[in-house]
Amino acid sequence: MPILIAILVIVILVVLPNVKIVPQAKSYVIERLGSYYVTWKNGFHVKIPFIDRISNVVTLKEIVKDFAPQPVITKDNVTMQIDTVVYFQITDPKLYTYGVEYPISAIENLTATTLRNIIGELELDQTLTSRDIINSKMRSILDEATDPWGIKVNRVEVKNIIPPRDIQEAMEKQMRAERERREKILQAEGEKKSSILIAEGEKESAILRAEADMEAQIKRAEGEAEALLKIKTAEAEGIKLLKDAKADQSVLTLKSYETLSRMADGQATKIIVPSDLQNIASIGTTLKEMMSDKKSK
């Protein structure tokens with residue numbers, strides 16, 4: 001009985017520690033007698049005690065590393081600080097374990113040297129406006145360089161570009177001057193548009209006033225013409241009525257008196273009255289004869 005208990009204790013102490021369950025997104029690199037043997041994926045595994053050893057536990061998730069700012073010099077000899085963020089993933093746990101010593105540090109140093117090489121070919125203005133080009137070049141170079149380490153570089157981002165203080169001040173002055181220039185241009189354009197609108201308004205107002213005056217004159221002329229037409233029509237109607245009534249000499253004489261009375265009430269400064277009123281009657285007789293002759297014809 002004690003022997004069985006001892007064997008059971010030995011089994012528990014020896015076997016159980018060698019039973020491993022590898023979780024998702026993890027890989028175990030196993031060595032046998034000091035040499036690479038196998039890579040365990042997720043699942044249940046058992047290693048041989050005292051012979052097999054877990055050399056490395058590798059995560060297969062994407063890793064994000066934010067490296068400290070690095071001093072770089074541009075083509076026009078401006079020193080600036082640039083920090084980068086590298087997104088990479090371990091694709092081969094064996095190469096990652098045996099390919100390079102301290103792989104994260106190796107990636108950081110490789111990023112710094114690659115960044116210096118790329119920025120050294122660009123001037124200051126190009127560096128500040130070419131982030132996409134820098135990112136794509138760095139990703140391509142780092143991905144190719146890290147293939148022997150079992151690492152795939154998915155993306156590289158330039159996080160901050162910090163030029164020297166004097167350059168920053170000069171850039172701020174330039175930006176301030178540019179903003180003032182744009183403000184003056186916008187103000188000038190606003191004043192120009194305002195002047196154009198005012199001129200167009202005055203033009204339209206003048207046109208409307210002229211059209212109103214013209215319409216008023218037309219209306220007045222039409223009114224005067226209509227009044228004159230009505231006067232002439234009334235006179236014609238009066239003559240016709242006299243003709244139809246067969247007015248005699250006394251009626252014509254009376255009408256002559258009425259005409260003289262209206263003339264006296266008018267605005268004339270001089271009125272010539274025949275010395276012999278008989279002449280007026282003779283005028284009336286002549287008018288009657290003319291009307292008769294017209295009728296006979």
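Q: Over the face of which residue does Arg32 lie?
A: A charge sits over a ring if NZ of Lys or CZ of Arg is within 6 Å of the ring centre and within 35 degrees of the ring normal. Arg32 is placed at 3.8 Å from the ring centre. The ring belongs to Tyr37.

Q: What kind of model is this, and how are its residues numbered?
A: This is a predicted model, in which local features need pLDDT of at least 70 and side-chain atom pairs count only at pLDDT 80 or more, while totals for chains, interfaces and linings use all residues. Side-chain values use heavy atoms, with hydrogens and water left out, and residues are numbered along each chain as its sequence is written, from 1.

Q: Over which ring does the charged end of Arg155 sit?
A: The charged end of Arg155 is 4.2 Å from the centre of the ring. That ring is the one of Tyr87.

Q: How are the rings of Tyr36 and Tyr98 arranged?
A: Rings of Phe, Tyr and Trp (its six-membered ring) pair if their centres lie within 6.5 Å; planes under 30 degrees apart count as stacked, over 60 as edge-to-face and the rest as tilted. The structure holds two aromatic pairs. In the pair of Tyr36 and Tyr98, the centres are 6.1 Å apart and the planes stand at 80°, so the arrangement is edge-to-face.

Q: How many residues apart in sequence are the parts that the pair of Tyr36 and Tyr98 ties together?
A: Helices (H or I, at least four residues) and strands (E, at least two) are DSSP runs, numbered from the N terminus. Tyr36 lies in strand E3 and Tyr98 in helix H2 (residues 93-98), so the pair ties together parts whose separation in sequence is 62 residues.

Q: Is Tyr36 buried, exposed or partly exposed?
A: Buried means under 20% relative accessible area, exposed over 50%, and partly exposed in between (1.4 Å probe, protein chains only). The relative accessibility of Tyr36 is 32%, so Tyr36 counts as partly exposed.

Q: What is the strand order of the open sheet of three strands?
A: Two strands pair if DSSP finds at least two bridges between them. The edge strands, each pairing on one side only, are E3 (35-40) and E5 (52-59). Five bridges join E2 (residues 26-32) to E3, and Val29 has Thr39 as its bridge partner in E3. The pairing in the sheet is antiparallel and the order is E3-E2-E5.

Q: Over how many bridges do E8 and E9 pair?
A: Within this pairing, Gln89 stands opposite Lys152 in E9. E8 and E9 run in the antiparallel sense, and the number of bridges is ten.

Q: Which residue takes a positive phi in the hairpin of E7 and E8?
A: Strand E7 (residues 70-73) pairs with E8 in the antiparallel sense over four bridges, and Gln70 stands opposite Ile82 in E8. The hairpin has five residues between the strands. The phi is near 60°, and the residue is Asn77.

Q: How many of the twelve residues of E8 are buried?
A: E8 is largely enclosed by the rest of the structure, because the buried residues among its twelve number nine.
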